[in-house]
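Please go through the model below in question-and-answer form.

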Amino acid sequence: MSSNAAFLPIRQFSKDILAAVESNDVIVVIGETGSGKTTQLSQILLEAGYGIGGIIAVTQPRRVGAVTVAKRVAEERGEQLGRVVGYAVRFEDCTSGATRIKYLTDGTLLRECLEDPHLQRYSVIILDEAHERSLNTDILFGLLKRLVRNRNAQATTGGSATRLRLVITSATLDGEKFSAYFGNCPVFNVPGRCFPVDIIHTREDQLNDYAAAAVDAVMQIHTSQPEGDILVFLTGQAEIDKAIGKINEAVASLPTGSAGPLVVLPLYASLPPELQVRVFRPAPEGVRRCIVATNVAETSITVEGVVYVVDTGVVKQKNYQPSSGMDSLDVVAISRVQATQRAGRAGRTRPGKCFRLYTRNYYDHKMPNVTAPEIQRTSLVGAVLYLKSLQLGIDVLSFDFLDPPATAALEDALRQLLVLDAIDSDGNVTPMGLRMAGLPLDPALARALLAARELGCFSEMISVAAMLSSEHLFLAGQAPGDLVNPGGSGAHRSFDNPHARASRERLRALLAEGLGDHVLLLRLWEGWDSAGYNKDFARDHGMDLRGLNFARDIRRQLEAVVSPDGSGLDKLGGSRDDRKRSRQDTDEEGGERQASRVGGPDSGRSSRHKPLQLPEAGPGGSMSAQGGRASAAQVDALRRALTIGFANKLARRLPRHNGYKTLNAVSGQLAQIHPSCAPLREDADGLLPEFLVYHELVCTSRPFLRQVCATRAEWVADVLPKIMSSDVRRLSRGTTRGPAGAGEGGTEEPQLPWGGSKAIGGER
Ligand code: ADP
Ligand code: MG
């Protein structure tokens, strides 16, 4: 323990916390952000001997959180990461037999439950950052409540089970709610050491132009307030980068000598870790820092030295509409709980000030009280498949949720799982569903991968799945669609340099295939693979090297979990042996992913994917390599497998029109192809393909399909009967008999609405 850690508030209450843990199965610990919950609780328990009978697990809602905190704790203990202190996240397991403290994402812990339903290897589970109420944490609440009861009942009656203890930690004052849910368990409050914070509201609400108002506020603080760092809350990366540019400009135009130097730093979850840790380094004497952050600075990352907070009153929030299957990322008002939390960030080192860009009246009367938990605003397909595959006879519509999701969202999930053959018409998980749940991919991609295995395009599909799982593949302004619509998908116009122009030409050659994003991603993978994964390939195609490397890691991991002959997949179908390499998580990490450094040997199963070093290919000339280009038949098989996996995400072009309508039993949604998509080949009349597979339906300025692939009417006709059968009432409960016998084709075939595939193909 470093001397600094010894003074963290939570350390002063070690004895009391240990006494509470000793005499209770579940306790709730409330302590303000920075009090040491995440980094110290696990160590306090370890030092008291809780690591002897089992591992101490600490869950984190985000991948980056698990990794950086584990590093920090190992460092505090002067140990090598992966020994006593380790972490496990999707696509990466950095633990060993010696590990006693394990930081892991909540999704990883869920996945471990599939193999070890009693979580025998753990003695204590700390559900950390519970105030964030991530979907996976909410599911864990329900499961662990059951598990603690069962395991401890066994332990006290002298069974072989060891006792399991649960610690729920939160940074906000929602302890009573958690306590009531866990049978009125004790709540332990760690008194904060917060200095008073002056709260200043604006005279008029500035919510409509908050980004500009925030820049003004920073400049005012910098030019008029005594020393102390500034923390500004904005909503996303692009906005943050823009604001930083504006602040730097404004500082540069100040008359010399009117203010001291200002260092402006971004902070958001998808920022590379080496840039993220910059915020932990204090500014040199006489220099003020200004950290422009997303919500990660609200509760999960503590920036020391902040004296001034600028609270814009908004946050970016993902919302899902079960009726249309549409996702939107909306800038919404924060809740009063969040506003209080943000203000508190100003009082950690000395008395501070919080400048709110909204009025007192708005705070009192218009701001929502609390934020809706993620479980109430996201698709539940993965979560419901998960609950079904535990085979505990859980009725998802009446599961003991802390806050239940809307019935419509659960029904939407059940309907989708039926279409994907993951559950049968009685609501039981099928062998197919069990195999899907075992894969570290969302259900649609998992289903597509399993279909690809049948259709002989397995290698192509894992390449596509890996590329899709890696965010930030393309550099800003160089998404495929930007070639045909410069500036179309965003404000970036970076094609005015020779390099960008050359990369545009290279990409253009690939885009000529005209089958959409998935096939383009496959071609890019093939090119990168035959180019021996060199950085020139990334540069020459306008791609982000980090994203490509991450895709390569994911591909390797997927290959290790599932072999093309299906042996790996069959092992995943419910066997519970301890296979460390395949323990993955199900978390939807949004933009939070980053390159992982998974070691492990190349599986070498597919000779086509051995790196092929080309002789003197010249920059980017590798694209013509014959090394491993999928044939037209393989590409067709890939598109067909995608149609099966994404049966819930198909769209049909409107007659004589290039708009689309989604194929959905509930209500079709009109949408356009997003400008960032790879262009599709048009027919002689200038019309786009009649049917598309899409990866996402998102509402930004209006509804858009993102990541599309041209598909064929006959393939759509194969899955259409399932799409149109929509009776979900029987699906919620399932029977307790375990998985149904038939994995595929178990559903009855209703009538085609358009009288068969011919009519579909012929209709314009
Ligand atoms: P909590 O979980 O209660 O919010 P943490 O345990 O995360 O608190 O943090 C405790 C202290 O450790 C804080 O002062 C924080 O700034 C510091 N800290 C956490 N992570 C790091 C890190 N990677 N590097 C330096 N300091 C850190
Ligand atoms: Mg914490």
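This is a predicted model: local features need pLDDT of at least 70, side-chain atom pairs count only at pLDDT 80 or more; totals for chains, interfaces and linings use all residues.

Residues are numbered from 1 along each chain as its sequence is written, and chains are lettered from A and ligands numbered from 1 in the order in which they are written.

Q: Which element gives the largest share of the shell around ligand 1?
A: The shell has 15 residues, with Lys-37, Thr-38, Thr-39, Arg-72 and Thr-302 the closest; a residue is near a molecule if its C-beta atom, placed from the backbone, lies within 6 Å of it. Two or more residues come from each of helix H3 (37-47) and helix H4 (63-76), where helices (H or I, at least four residues) and strands (E, at least two) are DSSP runs numbered from the N terminus. The largest share, 4 residues, is that of H3.

Q: How many residues of the shell around ligand 1 are polar?
A: Ala, Val, Leu, Ile, Met, Phe, Trp, Tyr, Cys and Pro count as nonpolar, Asp, Glu, Lys and Arg as charged, and the others, Gly among them, as polar. On that division the shell holds 2 nonpolar and 3 charged residues, and the number of polar ones is 10.

Q: Is Val-67 buried or exposed?
A: Val-67 is found in helix H4 and touches Tyr-87 and Val-89, not counting residues up to four places away in sequence; contact is C-beta atoms, placed from the backbone, within 7 Å. A residue is buried if 20 or more other C-beta atoms lie within 10 Å of its own, exposed if 12 or fewer, and partly exposed in between. Because 22 other C-beta atoms lie within 10 Å, Val-67 is buried.

Q: How many residues are in the largest nonpolar core?
A: Such a core is a set of buried Ala, Val, Leu, Ile, Met, Phe, Trp, Tyr and Cys residues joined through C-beta atoms within 7 Å. Among the residues with the most contacts inside the core is Leu-449, which touches Leu-439, Leu-441, Met-461, Ile-462, Ala-465 and Val-562, not counting residues up to four places away in sequence. The number of residues in this core is 206.

Q: Which are the edge strands of the open sheet of 8 strands?
A: The order is E4-E3-E5-E2-E6-E7-E1-E8, with mixed pairing; two strands pair if DSSP finds at least two bridges between them. Pairing on one side only marks the edge strands, E4 (92-94) and E8 (187-190).

Q: Which residue in E5 stands opposite Val-58?
A: Strand E2 (residues 55-60) and strand E5 (residues 101-105) pair in the parallel sense over 5 bridges. Opposite Val-58 stands Tyr-103.

Q: What is the phi of Asp-421?
A: Most residues other than glycine have a negative phi. Asp-421 lies in the loop between helix H15 (407-419) and helix H16 (431-438), and is buried because 25 other C-beta atoms lie within 10 Å. Although not a glycine, Asp-421 has a positive phi of about 65°.

Q: Where is Tyr-533 placed?
A: Tyr-533 has a positive phi near 55° and is a residue other than glycine. Tyr-533 counts as partly exposed because 15 C-beta neighbours are inside 10 Å. Its place is in the loop between helix H21 (517-530) and helix H22 (535-540).

Methods: Two residues are in contact if their C-beta atoms, placed from the backbone, lie within 7 Å.
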